[in-house]
Amino acid sequence: MTVVATVLIPLANVIGAGSAVGEPTTTATLVERVTLTPQQETLVVHSPAMGKSVPLTVLRPTGSAPAPTLYLLNGAGGGEDSASWGSRTDYTEFFADKHVNVITPLLGAFSYYTDWQRDDPTIGRHKWETFLTRELPPLLDRELHTTGANAVAGISMAGTSVLNLATHAPGLYRAVASYSGCARTSDPLGQAYIRAVVQERGGADLTNMWGPLNGPGWRDHDPYLNAATLRGLSIYLSSSSGLPGRDESLPADATADDTLHMADQVILGGGIEAAMNVCTRQMADRLHQLNIPATVHVNDTGTHSWGYWERELEASWPQLQAALTR
């Protein structure tokens, strides 16, 4: 991976009856706990706000000493498809010797992991901000015996989500990492990408999420506009140019399917990543204007794909770890 700019700016889906929209929420409850290996388990946790139970993949550290928590979010598919940290990366092996609890929800497709203003007839009720910032942390702190220190990281769709979660839950996280996300949600480029995820892929009504386009709901969920609230956090942003890089080559024995997949990665993934690169640079400039420190990795090649995100997760870990253990 070529680092063009490393900038240290000093500057199982169980649907329940649920609660009514707007009803006060309580702590999530543990429905099921399944141990898969000594260091991996699945927790099924019921969210009062969403009225459903959410499966979580949990990677545990070795030993019994309390450990901090990293919330690691999937992209547009929400971990409901094969495009997930567990299926596309070696993150299990990477974290095997790390003293941290890694929490990844396996629901939330096309939701932006946010609180929707209205239930959507196609994709249902989403109150992810409430779940992730208010309902879930107390349960995990109790069940996993954590240190109470948290960080949040995510890719693509969730690269936007983690910045919003951090701005809306001051004091909950010590660090935030956004890989190939777009911090602009109330400008035309950002809204075009969100429309592609929520409306074109998810089939949902975009205005059910944050209300009318360009309205106050969209401005409230624009991390670029609300960047000042990130002051004091350890911030890591990364993206690539969209040009083919180390992961955009085929072996000599590539099949026709391999060729089609690579063409999609180069053409579609390249175009998406180029847009995310613009967003990342804009957010870096905004943080610089506000004199908020951040680490920004802008790679001269690379597409919107898992190999780059896996390496960025690993590259960002020392910074996340330092924040979680300070």
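User: Before we start, how were the residues numbered and which parts of the model count?

Analyst: Numbering runs from 1 along each chain as its sequence is written, and side-chain values use heavy atoms, with hydrogens and water left out. The model is predicted: local features need pLDDT of at least 70 and side-chain atom pairs count only at pLDDT 80 or more, while totals for chains, interfaces and linings use all residues.

User: Why is Phe110 called buried?

Analyst: Buried means under 20% relative accessible area, exposed means over 50%, and partly exposed is in between (1.4 Å probe, protein chains only). Phe110 comes in at 17% relative accessibility, so it counts as buried. Phe110 lies in the loop between strand E7 (101–105) and helix H3 (128–144). Those element names are DSSP runs numbered from the N terminus: helices are H or I with at least four residues, strands are E with at least two. Phe110 also has a positive phi of about 60 degrees, although it is not a glycine.

User: And why does Tyr113 count as buried?

Analyst: Tyr113 has a relative accessibility of 1%, so the buried label applies. Tyr113 is found in the loop between E7 and H3, and it has a positive phi of about 45 degrees without being a glycine. Tyr113 turns up again in the lining of the second largest cavity.

User: What makes that a cavity, and what makes something else a pocket?

Analyst: Both come from a 1 Å grid over the protein atoms alone: a cavity is a set of points where a 1.4 Å probe fits but cannot get out, while a pocket is an open set with protein on both sides within 12 Å along at least five of seven lines. Lining residues have an atom within 4 Å of a point. The volume is the space filled by probe spheres set on the points, and grid points are joined across faces, edges and corners. The second largest cavity holds about 30 Å³, and helix H4 (residues 157–168) gives the largest share of its lining, three residues.

User: How is the lining of the second largest cavity divided by class?

Analyst: Ala, Val, Leu, Ile, Met, Phe, Trp, Tyr, Cys and Pro count as nonpolar, Asp, Glu, Lys and Arg as charged, and the others, Gly among them, as polar. On that scheme the second largest cavity has four nonpolar, four polar and one charged residues in its lining. The largest cavity, at about 50 Å³, has six nonpolar, three polar and no charged ones. Helix H8 (residues 256–289) gives the most to that lining, with three residues.

User: What about the largest pocket, and which residues lie nearest its centre?

Analyst: The largest pocket has a volume of about 650 Å³ and 24 lining residues, with Arg88, His304, Ser305, Trp306 and Trp309 nearest its centre. The lining splits into 10 nonpolar, nine polar and five charged residues. H8 gives the largest share here, six residues.

User: What makes a bend in a helix, and where are the ones in H8 and H5?

Analyst: The bend at a residue is the angle between axes fitted to the seven residues ending there and the seven starting there. H8 has a kink of about 30 degrees centred on Gly269, and H5 bends by about 30 degrees at Arg195.

User: Why is Arg195 called partly exposed?

Analyst: Its relative accessible area is 27%, so Arg195 is partly exposed. Elsewhere in H5, Gly190, Gln191, Tyr193, Ile194, Val197 and Val198 are buried.

User: How do you know that strands E8 and E9 pair?

Analyst: Two strands pair if DSSP finds at least two bridges between them. E8 (residues 150–155) and E9 (residues 175–179) have five bridges, in the parallel sense, with Ala151 standing opposite Ala175.

User: Which way do the residues of E9 point?

Analyst: In a regular strand the side chains alternate between the two faces of the sheet. In E9, Ala175, Ala177 and Tyr179 point one way, Val176 and Ser178 the other, and all are buried.
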